[in-house]
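Work through these exercises with the sequence and the model side by side. Try each task before reading its solution.

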Amino acid sequence: MLNLTPLYVFVLHIISQQYEYFNAVLINEVDEDGNSVELGGEFLLEPNDHFNNLSVNLSLSVVQVPTNMYNKDPDIVNGVYWSEALNKVFVDNFKRDPTLIWQYFGSAKGFFRQYPGVKWHPDEHGVIAFDCRNRKWYIQAATSPKDVVILVDVSGSMKGLRLTIARQTVASILDTLGDDDFFNIIAYNQEIHYVEPCLNGTLVQADSTNKDHFKEHLDKLFAKGIGLLGNALTEAFTILNEINQIGRGSSCSQAIMLITDGATQMYDDVFAKYNWPERKVRIFPYLIGRESAFADNLKWMACANKGYFSQISTLADVQENVMRYLHVMSRPKVIDHEHDTVWTEAYVDSAVSINNHNVLSSVPPQKNQGILLGVVGTDIPIQELMKTIPKHKLGIHGYAFAITNNGYILTHPDLRPLVNLIKNEIF
């Protein structure tokens with residue numbers, strides 16, 4: 001039987017190059033001659049009270065692409081093309097339930113489809129930093145809770161730009177962790193150095209306070225000496241094993257993120273002692289720099305431990321390469337068809353809302369190869385949630401409140417959140 005897959009992919013890419021879509025930033029924009037810019041076009045927008053009096057289009061969605069990505073990249077355009085079918089789903093949902101507000105789809109490729117259509121405006125620097133894959137709702141829905149140990153090589157060969165890239169890589173990894181995750185960061189050369197010495201041998205919850213605290217300590221990393229990766233791997237496995245035994249972590253997935261400019265050996269003796277044959281801990285090596293002399297050893301580590309290898313040559317490569325590990329961590333959920341609904345914590349729009357999300361995925365015929373397509377979701381205003389509470393059962397002095405599994409208050413009669421409304425962060 002002939003394998004027609006290569007022909008199919010080729011044809012799809014030809015179609016994608018001719019496909020146009022409404023880019024959220026470019027709609028209704030014109031060039032010097034008064035003509036619509038590419039991916040812009042005329043897009044009808046009308047003020048709507050239900051959407052905080054914003055000008056929206058109730059018939060179509062728009063697509064936002066992160067600034068650091070090319071908005072006509074074949075992968076982006078192909079994804080936008082097939083996800084256009086969500087337009088009808090969004091419209092039908094809103095017709096059935098007029099209380100719905102924003103509906104959206106965050107793609108694993110990076111683009112974000114939002115309904116109803118609304119124009120996005122860059123900041124004062126002409127940039128829109130929003131990437132749906134960095135948002136808590138995406139991460140919580142796409143992956144299971146995880147325990148992560150980040151190993152950073154600070155040997156002498158990491159001086160200069162490599163150490164700068166390494167710091168940024170660590171910061172980007174932290175951005176992908178949510179309140180259900182636990183982590184720690186270890187720098188290594190000939191010795192083991194915990195980035196936060198007070199937290200030796202343990203993991204901390206990846207809430208915003210802890211992540212910001214660790215980011216502040218990254219500037220204290222300096223490169224010197226020689227790198228003994230075997231000792232660092234042993235320390236990481238020991239932490240993860242102890243945390244798992246006492247049940248103080250996520251009690252779910254575990255991973256080691258290795259950020260280095262090379263490995264002189266494969267350290268199979270360490271993996272045989274701590275991780276084989278179960279391979280419960282995934283290894284994600286990030287090779288820093290353009291040289292690939294030791295790439296084979298790092299690739300082997302990733303493959304032998306159910307992880308993924310990435311090479312980061314410049315600062316511009318960091319975010320996209322870091323994101324790839326999420327695809328691997330999502331595979332068990334995709335393969336097992338775990339399309340559970342996920343409720344995330346409240347955020348502030350013009351009104352306080354919470355998010356309700358589900359996973360969109362595809363499982364090809366090959367075994368053990370689940371593909372995460374993205375996450376679909378909708379916002380639910382707190383006041384709509386409160387309407388479901390049977391107030392007549394609470395009594396005169398009774399009241400209802402809601403907290404997350406991590407102890408954060410979603411809603412309470414006396415809650416007065418302090419919000420910088422000038423920032424006006426929508427998602």
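**Exercise 1: A covered strand and its partner**

Strand 15 spans residues 371–381 and is mostly covered, with eight of its 11 residues buried. The model is predicted.

Task: Which residue of strand 15 does F105 stand opposite, and in which sense do strand 4 and strand 15 pair?

Solution. 
- Step 1. Find strand 4, residues 103–107.
- Step 2. Follow its pairing with strand 15: the sense is antiparallel, over five bridges.
- Step 3. Look across from F105: V376 in strand 15 stands opposite.
- Step 4. Keep a general rule in mind when tracing side chains: in a regular strand they alternate between the two faces of the sheet.

**Exercise 2: A lysine in a loop**

Task: Is K119 buried or exposed, and what does its side chain reach?

Solution. 
- Step 1. Locate K119 in the loop between strand 5 (112–115) and helix 4 (136–142).
- Step 2. Check the accessibility. K119 has 18% relative accessibility, so K119 counts as buried, because the cut-off for buried is under 20%.
- Step 3. Trace the side chain. It reaches the backbone oxygen of V25 at 2.7 Å.
- Step 4. Look for a side-chain partner. The side chain of K119 also makes a polar contact with the side chain of E29, at 3.0 Å.
- Step 5. List the neighbours. Leaving out residues up to four places away in sequence, K119 touches A24, V25, L26, I27, E29 and L45.

**Exercise 3: A leucine and its contacts**

Solution. 
- Step 1. Read its accessibility: at 10%, L203 counts as buried.
- Step 2. Collect the contacts beyond four places in sequence. L203 touches D147, V148 and V149, along with F182, F183 and N184, and also I239, L240 and I243.
- Step 3. Compare chain and space. L203 and S250 are 47 residues apart along the chain, and their C-alpha atoms are separated by 9.9 Å.

**Exercise 4: Backbone exceptions**

Task: Which peptide bond to P116 is cis, and what is phi of R279 near?

Solution. 
- Step 1. Check omega between Y115 and P116. It is about -5°, and the bond is cis. P116 sits in the loop between strand 5 and helix 4.
- Step 2. Check the bond from W276 to P277. This bond is cis too, with omega near 0°. P277 belongs to the loop between helix 8 (268–274) and strand 11 (281–288).
- Step 3. Turn to phi in that loop. R279 also lies between helix 8 and strand 11. Its phi is positive, near 55°. At 28% relative accessibility, R279 counts as partly exposed.
- Step 4. Repeat for N52, in the loop between strand 1 (46–48) and strand 2 (54–56). Phi of N52 is positive, near 55°. N52 counts as partly exposed at 35% relative accessibility.

**Exercise 5: A surface patch**

Solution. 
- Step 1. Pick out the members: Y399, F401, I403, I409 and L415.
- Step 2. Note their accessible area, about 500 Å² together.

Note on methods. Residues are numbered from 1 along each chain as its sequence is written. This is a predicted model: local features need pLDDT of at least 70, side-chain atom pairs count only at pLDDT 80 or more; totals for chains, interfaces and linings use all residues. Side-chain values use heavy atoms; hydrogens and water are left out. Patches are made of residues with over 30% relative accessible area and no salt bridge: like charges are joined within 9 Å, nonpolar side chains (Val, Leu, Ile, Met, Phe, Trp, Tyr) within 5 Å. Accessible areas come from the Shrake-Rupley method with a 1.4 Å probe; for residues, only the protein chains shown count as cover. A salt bridge is a side-chain nitrogen of Lys or Arg within 4 Å of a carboxyl oxygen of Asp or Glu. Buried means under 20% relative accessible area, exposed over 50%, partly exposed in between (1.4 Å probe, protein chains only). Contact means heavy atoms within 4.5 Å. Helices (H or I, at least four residues) and strands (E, at least two) are DSSP runs, numbered from the N terminus. A polar contact is a pair of N or O atoms within 3.5 Å; within protein, one must be able to donate a hydrogen and the other to accept it, and residues adjacent in sequence count only if both atoms are side-chain atoms. Two strands pair if DSSP finds at least two bridges between them.
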